[in-house]
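Colleague: Can you walk me through this model? I would like to start with the whole chain and then look at single pieces.

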Amino acid sequence: MTVLENFNAVRAAVKKAAQYSKRNPEDITLVAVSKMHEQEEILELIKAGQRVFAENRVQEALRKFPPLKENYPDLKLHLIGSLQTNKVKDAVRLFDVIETVDRPELAKKLAEEMNKQNKNLPCFVQVNTGEEPQKGGCVPRETISLVNHCRNLGLNIIGLMCIPPVDDEPSPHFALLKKLAGQAGLKELSMGMSADYPLAVQQGATFIRIGTALFGARDYSK
């Protein structure tokens with residue numbers, strides 16, 4: 001299938017999942033994950049009407065997106081990969097949303113840099129719902145504390161984000177994220193990827209991060 005065919009199929013699946021759970025499909029934002037895909041492929045989606053994209057790495061995004069954002073000023077770019085503090089300046093300059101605030105040190109650096117650049121970017125706190133040692137995100141029991149810390153710094157925390165363990169049934173992780181968001185008074189939930197986004201929609205996702213289902217498999221040999 002072409003990128004355009006994939007795009008239409010994903011949108012149809014989102015609509016079906018939303019209707020099944022009595023939700024408005026317009027309340028769910030499709031975030032196209034363009035990691036390891038080039039401008040030509042990204043442009044196919046832009047021309048089809050997609051305006052929200054995500055990248056995992058700051059350096060890759062800096063290479064691809066400045067000219068795209070110049071030509072399409074309404075593009076929104078999310079950072080969904082781990083953010084090192086030495087990349088914060090570039091991240092605040094380029095991205096429109098930061099989804100991976102996961103520790104107090106990073107929150108402090110982001111708040112300082114946004115103040116310098118006179119920006120107030122929407123942010124998500126990333127929760128490591130599976131408590132995997134190799135993965136970013138705060139552990140569930142520390143989520144409310146981190147959200148409050150971010151708020152005290154002046155960060156605009158709008159929601160929570162998670163990436164369930166690959167081999168786990170995702171439903172309990174989505175349910176946990178929704179519960180934590182409710183406790184924190186947050187409305188936005190970034191959860192669900194190519195393998196499980198219809199389920200995430202049914203469980204309340206407001207942002208779904210889709211890469212492979214749109215662009216096809218990535219070529220990691222490059």
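This is a predicted model: local features need pLDDT of at least 70, side-chain atom pairs count only at pLDDT 80 or more; totals for chains, interfaces and linings use all residues.

Colleague: How many helices and strands does the protein chain have?

Modeller: The protein chain has nine helices and eight strands. Helices (H or I, at least four residues) and strands (E, at least two) are DSSP runs, numbered from the N terminus.

Colleague: And what is the radius of gyration of the protein chain?

Modeller: It is 17 Å, which agrees with the value near 17 Å for a compact globule of 222 residues. The radius is taken over C-alpha atoms, and the globule rule is 2.2 Å times the number of residues to the power 0.38. Along its principal axes the C-alpha trace spans about 45 × 40 × 35 Å.

Colleague: What share of the residues is buried?

Modeller: Of the 222 residues, 50% are buried. Buried means under 20% relative accessible area, exposed over 50%, and partly exposed in between (1.4 Å probe, protein chains only).

Colleague: Now helix α2. Which of its residues are buried?

Modeller: I42, L45 and I46 are buried in α2. They lie on the same side of α2 because they cover an arc of only 105° around the axis. That arc is the one made by the directions from the helix axis to the C-beta atoms.

Colleague: What does the face turned away from the buried side carry?

Modeller: That face of α2 carries the exposed residues E40 and K47. The buried residues of α2 pack against α1 (3–20), β1 (29–33), β2, α3 and α9 (212–215). Just after α2, G49 takes a positive phi of about 115°.

Colleague: Back to I46. What does I46 touch?

Modeller: Not counting residues up to four places away in sequence, I46 touches R51, F53, L68, Y72 and L75. A contact means heavy atoms within 4.5 Å. I46 and L68 are 22 residues apart along the chain, and their C-alpha atoms are separated by 9.4 Å. The relative accessible area of I46 is 1%, so I46 is buried.

Colleague: Is E55 buried or exposed?

Modeller: E55 counts as buried because its relative accessibility is 0%. E55 sits in strand β2 (residues 52–55). Its contacts beyond four places in sequence include K35, K64, H78 and F95.

Colleague: What about α3, where does it bend?

Modeller: Helix α3 bends by about 45° at F65, and a proline, P66, follows within four residues. The bend is the angle between axes fitted to the seven residues ending there and the seven starting there. Among the buried residues of α3 are V58, A61 and L68. Their cover includes α2, β2, β3 (76–79) and α4 (88–94).

Colleague: Last one, α5. What span should α5 have?

Modeller: Its 14 residues (104–117) should span 20 Å at 1.5 Å a residue, and the end C-alpha atoms are 20 Å apart, which agrees. The expected span is 1.5 Å times one less than the number of residues. The buried residues of α5 are L106, A107, L110, A111, E113 and M114. Just after α5, N118 takes a positive phi of about 55°.

How values were computed
Residues are numbered from 1 along each chain as its sequence is written. Side-chain values use heavy atoms; hydrogens and water are left out.
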